[in-house]
There are 4 protein chains.
Amino acid sequence: MSERPILTTRTGISTPTAVRVRGRDLINELIGHYSYTEMLYFLTCGVFPTQPQRIVLDACLVTLMEHGLTPSAVIARLMADSVPEEPQVAIASGLLAIGSVYAGTTESCAELLLAIAARIDAGEADVVRKVVEDYAARRKPVPGFGHGTHKPDDPRTPRLVRIAQDNGLHGRYMQLLAELAHAVDRAFGRHITVNATGAIGALFLEIGVPVAAMRAFSVVSRAGGLAGHLLEEQATHSGRSIWAAAKATVPYTEET
Amino acid sequence: MSERPILTTRTGISTPTAVRVRGRDLINELIGHYSYTEMLYFLTCGVFPTQPQRIVLDACLVTLMEHGLTPSAVIARLMADSVPEEPQVAIASGLLAIGSVYAGTTESCAELLLAIAARIDAGEADVVRKVVEDYAARRKPVPGFGHGTHKPDDPRTPRLVRIAQDNGLHGRYMQLLAELAHAVDRAFGRHITVNATGAIGALFLEIGVPVAAMRAFSVVSRAGGLAGHLLEEQATHSGRSIWAAAKATVPYTEET
Amino acid sequence: MSERPILTTRTGISTPTAVRVRGRDLINELIGHYSYTEMLYFLTCGVFPTQPQRIVLDACLVTLMEHGLTPSAVIARLMADSVPEEPQVAIASGLLAIGSVYAGTTESCAELLLAIAARIDAGEADVVRKVVEDYAARRKPVPGFGHGTHKPDDPRTPRLVRIAQDNGLHGRYMQLLAELAHAVDRAFGRHITVNATGAIGALFLEIGVPVAAMRAFSVVSRAGGLAGHLLEEQATHSGRSIWAAAKATVPYTEET
Amino acid sequence: MSERPILTTRTGISTPTAVRVRGRDLINELIGHYSYTEMLYFLTCGVFPTQPQRIVLDACLVTLMEHGLTPSAVIARLMADSVPEEPQVAIASGLLAIGSVYAGTTESCAELLLAIAARIDAGEADVVRKVVEDYAARRKPVPGFGHGTHKPDDPRTPRLVRIAQDNGLHGRYMQLLAELAHAVDRAFGRHITVNATGAIGALFLEIGVPVAAMRAFSVVSRAGGLAGHLLEEQATHSGRSIWAAAKATVPYTEET
């Protein structure tokens, strides 16, 4: 007779004299032996990254950390002025905004690449062209393509591609992304850039990051960027000026 | 006539063909050149860490990342089951709990060390002893001392001390912390361990991290740990069992 | 030549001597003249509710306020112990969990009823039966039907139906919901209860609440319930026991 | 031998055929019998309010609900555009900002009034004058006094005072607040208004609301106001314009 498996966690445990993390001794095996980035990979992938994987992951995390006054940063700044004694509230509030609109394309692009790869593996021909033409016919943006500010090309993408190549990690998914890019330009009749979040989706696949971890990696990256905003906010109190600007931008009316 | 300075940000900006971050070119100077940990230091301290500073910062971040089912992790797991489509909500919710109770001792210990150093610099004698005896007289715990689980000693502390020594960063604040530890045992009449958050407060001072950034660093560290919990939760749905356990632990009563 | 309309807000404004809220004088027209429930309706629907509408809205809000240790309440309790000085963090954290899983059926049920009504208005026959049989064929639950705890019937539903009838608000959508209920039992071959969130979705339509406001109304209702949990938590510190129960329920393992 | 009392909750429980809330039958005793405001009072105070208490509580809740584009509302609007599929995230984010800076004076003023009353009860003379002169000597604002926008007087305060008088609830704490107001003008040498949050702190004491529940009541009130902002935001997408205004207000600089 089969039994329901006992629910357990492999994440970690503290005992009086030790901390175990995923089967390792935190004190003697982890602290001082691995970087934060390597631990992040370990905690989500279950193994430590190779050196090339680590380099690519650091490049992706650094790419997403900081882009100035994003909505996430504006929220964190306003919150820092409202709840000054508990600064984690400002950072956590900013991270709540790392949602489907601003970060979701990373996993959407990765899922698209996985779906294309699966159809190719199943023997289907011409998959990339068919997928892109379907988006074009529905007038839907292809996940990972286009950018509001970076035109004609997102400058982060070729840099990430180059790092993948230099580290022997420009494999199947990066190749598929390049094929997608050609097909997109043809099907939409104009050049649409591969954006950084799309490139990162493909790179995460190359280094073995599960799709389920991708949003979390975006959040971790942005947490570091928001630390910088928090510090600047404590010095400048820009939140008060942003608030005044918001009120001036959206004036009150009684007209219907 | 002096003018009110114009409010500006140094954090970053995106233009069509570039991203500037704190005066650097993200594409050509940062991505691929620095690790996440180095960027975190740069975004909060304004300069890049030396190699020893980077090693110590990584050690501190790795120390705080993961300790199993903390309240923060339990909250993140319950939230992951309630808002599955937006996983940043689970991580951000867990980070809201990185507050005064669980993370505040890092900055409290750092502030205490800074205050002691300032009084010594002002020529006052016997400062450490007087400070500790004052806490003892008021029966208040000294920030950075004592631990609920790790007894008699927090095993993370000697490991962090050793890394500081090995990297030439066991300076004034680590020395003051060691003096505090001796005085605490004497004044309280029993051995009380320096805990990891206290040691990290001193280490952050050694590597030049401003007190205002310390909570943010704890949050960043824990964000990585919560990424691991999120992934495990998506596979195990422990949140449902935790919920049932909570209901069983706190039964309903109508007695007054 | 048409111009882009200037962006404005009708919500409210403070001036030195007055507060205007949606065209009304807060001091002389609103405070003391309307209840919280009436104001909630006014702020989202733009007009004040009739007395029957107010009674039904209060009934819906009271129905959702409090059900004991829901995940939302457990999260709020854990957070109250982690961030005791800023109690809004506990309540807001609990409210983050009022998401698609636990509250989304209210708007899903309302949207289903609107879609059915639109198809009937377009002259289509047998819409309710076809809709339900489609769900049954796909083995998908019909939004607003079924409940994990309340079996065979959610006791809140007949009470809400009765209040609608007593107040002359058992109109088209409540009638469609009753028809759905008959069709569900037939198509699924067993009795499945109309749950309270489904009934509330229909009732909100009856009283003119836009679908876009329904999640917000669930959140407002639960905010009141969490106020009660917060107070009890400050007295009992159940969060500590819940944390211990979570750790006991999900033990650490190193097995793979 | 005494035993540790078993931890229980009185908030509520769901069974297959009933919901019990604080010893009452939700279906037959609460839904349709009480308003949201009455339930809020019941869940935090343990008894139902008298009619005058209910009127005063509604007046306080209505006073705090909506004041236009507060930081809380700006945060909610930015979040609504970032996480559109889970609207509770926008409301909860806005509520996180109902913290010590913007809402804390309600409980601070209540605590001050309780402390004054206790000293008077202990036989001390001239307490109000001494308390205010102490604040004036330390150049600290008295909790509940002064307002950034409303000058010379917060127009909400006399309205709330009048409602208290009309309902026989202008008791000891409202009287003490009036005495404080006279002493403040004298000690600070100029007229400083009693603001609405201060008046509400006194009114909450008059109707028996515990200090521990006051922040929660502010949060509940504002949740209703944010529901209105959420709806307007879904129609206007002001978040995009507010974001642009924030970037224009805080331009990027590389100067040091």
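Arg54(C) is buried in this predicted model, its relative accessible area being 18%. Its partner is Asp58(C), with which Arg54(C) forms a salt bridge whose closest N and O atoms lie 2.8 Å apart. Asp58(C) likewise counts as buried, at 3% relative accessibility. Because the two residues stand four apart in helix H3 (residues 51–65) of chain C, about one helical turn separates Arg54(C) from Asp58(C). In chain A, salt bridges with shared partners link Arg77(A), Glu232(A) and Glu233(A) into one network.

Chain B holds a pair with these residue numbers as well. There Asp58(B) and Arg54(B) form a salt bridge, with 2.8 Å between the closest N and O atoms, and both residues belong to helix H3 (residues 51–65) of chain B, where they are four residues, or about one turn of the helix, apart. Asp58(B) is buried because its relative accessibility is 2%, under the 20% limit, and Arg54(B), at 17%, counts as buried too. Another salt bridge in chain B joins the side chains of Asp154(B) and Arg156(B), at 2.8 Å from N to O, and here too Asp154(B) and Arg156(B) are both buried. Side chains of opposite charge can pair when their charged atoms come close. Over all chains, the count by this rule reaches 60 salt bridges.

What do chain A and chain B share across their interface, in residues and in area? The contact involves 83 residues of chain A and 83 residues of chain B, and the area buried between these chains is about 6300 Å², with carbon and sulfur atoms giving 69% of that area. Three residues, Ile31(A), Tyr36(A) and Gln88(A), supply 11% of the area that chain A buries against chain B, which is more than any other three residues supply. Between chain A and chain B the rule finds two salt bridges, and the side chains of Arg215(A) and Glu86(B) meet in a salt bridge at 2.9 Å from N to O. There are also 32 residue pairs in polar contact across the interface of chain A and chain B, with both residues at pLDDT 80 or more. Of the elements on the side of chain A that touches chain B, helix H11 (residues 211–236) of chain A gives the most, with 18 residues. Sorted by class, that side of chain A has 40 nonpolar, 29 polar and 14 charged residues.

Leu69(C), Ser82(C) and Trp243(C) account for 21% of the area that chain C buries against chain B, more than any other three residues. Across this interface of chain C and chain B the rule finds zero salt bridges, while four residue pairs are in polar contact with both residues at pLDDT 80 or more.

| Cysteine | Closest cysteine sulfur | Distance |
|---|---|---|
| Cys45(A) | Cys60(A) | 12 Å |
| Cys60(B) | Cys109(B) | 12 Å |

The sulfur of Cys45(A) is too far from that of Cys60(A) for a bond because the two are 12 Å apart, whereas a disulfide needs sulfur atoms within 2.5 Å. For Cys60(B), the 12 Å to the sulfur of Cys109(B) is likewise too far for a bond.

In chain D, Ser72(D) has its place in helix H4 (residues 71–82). Is Ser72(D) buried or exposed? Ser72(D) counts as buried because its relative accessibility is 4%. When its neighbours within four places in sequence are left aside, Ser72(D) is in contact with Gly94(D), Leu95(D), Ala97(D), Ile98(D), Arg222(D) and Leu226(D).

Terms used: Residues are numbered from 1 along each chain as its sequence is written. Chains are lettered from A and ligands numbered from 1 in the order in which they are written. This is a predicted model: local features need pLDDT of at least 70, side-chain atom pairs count only at pLDDT 80 or more; totals for chains, interfaces and linings use all residues. Side-chain values use heavy atoms; hydrogens and water are left out. Contact means heavy atoms within 4.5 Å. Buried area is the accessible area (1.4 Å probe) that two parts lose on being put together, summed over both. A salt bridge is a side-chain nitrogen of Lys or Arg within 4 Å of a carboxyl oxygen of Asp or Glu. A polar contact is a pair of N or O atoms within 3.5 Å; within protein, one must be able to donate a hydrogen and the other to accept it, and residues adjacent in sequence count only if both atoms are side-chain atoms. Ala, Val, Leu, Ile, Met, Phe, Trp, Tyr, Cys and Pro count as nonpolar, Asp, Glu, Lys and Arg as charged, and the others, Gly among them, as polar. Buried means under 20% relative accessible area, exposed over 50%, partly exposed in between (1.4 Å probe, protein chains only).
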